[in-house]
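Dear colleague,

I am handing over the structure that follows, and below it you will find my notes on what turned up. Please read them with the coordinates open beside you.

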Amino acid sequence: MISGESMLPIHVISLAEADDRRRSARAEMARQSVDFEFFDALDGDRGAGLFDRIDKEAFVLATGRQPTGGEIGCFASHKALWQRCVDQDRALLIMEDDFRLAAEFRAAVAAAGELVDPLGLVRLQDERRGASRPVGRYGEFQVERYTKTPHCTMCYAVSPAVAARLIEANPAFRAPVDVVMKQVWTYGNPMYCLTPYTVSDHPGCSGSVIGARVKCDRSAATRLRRFLLKAGWQWRRLRFNLAQSRRADRSRLPDTPRRAEGEAGASRGEPASL
């Protein structure tokens with residue numbers, strides 16, 4: 001159990017009219033005795049105002065399809081909360097409303113509250129297509145750094161410093177929010193996670209509210225440009241990962257008595273605990 005809980009403010013992005021999802025979110029949070037507030041998700045028209053332009057050509061190259069109004073609104077909602085994080089100079093836990101919480105969620109939020117400022121970005125949601133390497137233990141959780149950042153933005157804690165970098169790196173709408181957050185090299189901060197994960201998809205919240213995603217007809221020239229773009233992303237991800245190290249990861253962690261005791265134990269040949 002993490003001592004001295006410092007709960008992060010929790011903001012759940014949700015459409016104002018999404019009654020079933022909001023009812024589910026309230027029930028999940030009530031079971032955890034966790035305070036939170038809904039953030040009324042922006043629609044595509046209002047959300048477009050948070051970007052200097054909607055770059056549909058870049059979006060097609062990134063995804064192979066045209067953007068939906070829901071995707072613009074979703075990204076804009078996250079961006080608005082990044083700005084709130086910066087304005088309040090306080091880390092936030094940002095969630096989307098289709099979640100199910102594990103019993104350890106409250107402890108994970110407390111741990112993320114202690115770790116997010118030094119680490120910058122801490123994910124609590126599960127994943128299936130990512131890859132990560134362990135950094136060490138923090139209380140009952142394993143801290144890991146992603147070497148391949150997964151999709152989805154259902155639950156993550158972000159610091160004001162990283163929120164400001166995300167805003168600066170995304171003046172235009174050019175891809176879904178989870179795609180740009182995967183591109184950690186653009187805002188210069190790794191993404192970390194706490195395992196075991198404590199947030200997953202809620203089976204009762206089936207179906208996306210983003211809207212229909214229809215693939216575009218793509219010419220050979222467009223397919224080639226997409227291939228080169230994705231290859232460039234892979235190369236930048238590789239370079240970014242090579243620049244990281246376990247020592248650098250550990251240097252980001254707060255110097256707590258828990259960490260000091262773990263390092264002392266490690267010097268005696270005992271397992272380290274961060």
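C155 counts as buried, at 1% relative accessibility, where buried means under 20% relative accessible area, exposed over 50% and partly exposed in between, with a 1.4 Å probe and protein chains only. The model is a predicted one, in which local features need pLDDT of at least 70 and side-chain atom pairs count only at pLDDT 80 or more, while totals for chains, interfaces and linings use all residues. Residues are numbered from 1 along each chain as its sequence is written, and side-chain values use heavy atoms, with hydrogens and water left out.

C74 is likewise buried, at 18% relative accessibility. A search of the whole structure for disulfides (pairs of cysteine sulfur atoms within 2.5 Å) returns zero; in the case of C74, the closest cysteine sulfur belongs to C152 and lies 10.0 Å away, which is too far for a bond.

If residues up to four places away in sequence are not counted, M181 touches W82, L121, T149, T153, Y156, L166, Y187 and M191, contact being heavy atoms within 4.5 Å. In α3, the residues F59, V60, L61, A62 and T63 are buried, and the buried residues of this helix pack against α4 and α8. After α3 comes G64, with a positive phi near 80°.

Strand β7 (residues 141–148) is mostly covered, with six of its eight residues buried. Its antiparallel pairing with β6 (residues 131–138) runs over seven bridges, where pairing requires at least two DSSP bridges between the strands, and S132 stands opposite Y146 in β7. These two strands form a hairpin with two residues between them, and G139 in the turn has a positive phi of about 60°. With β9 (residues 192–195), β7 pairs in the antiparallel sense over four bridges, and there E144 stands opposite C193.

With best regards
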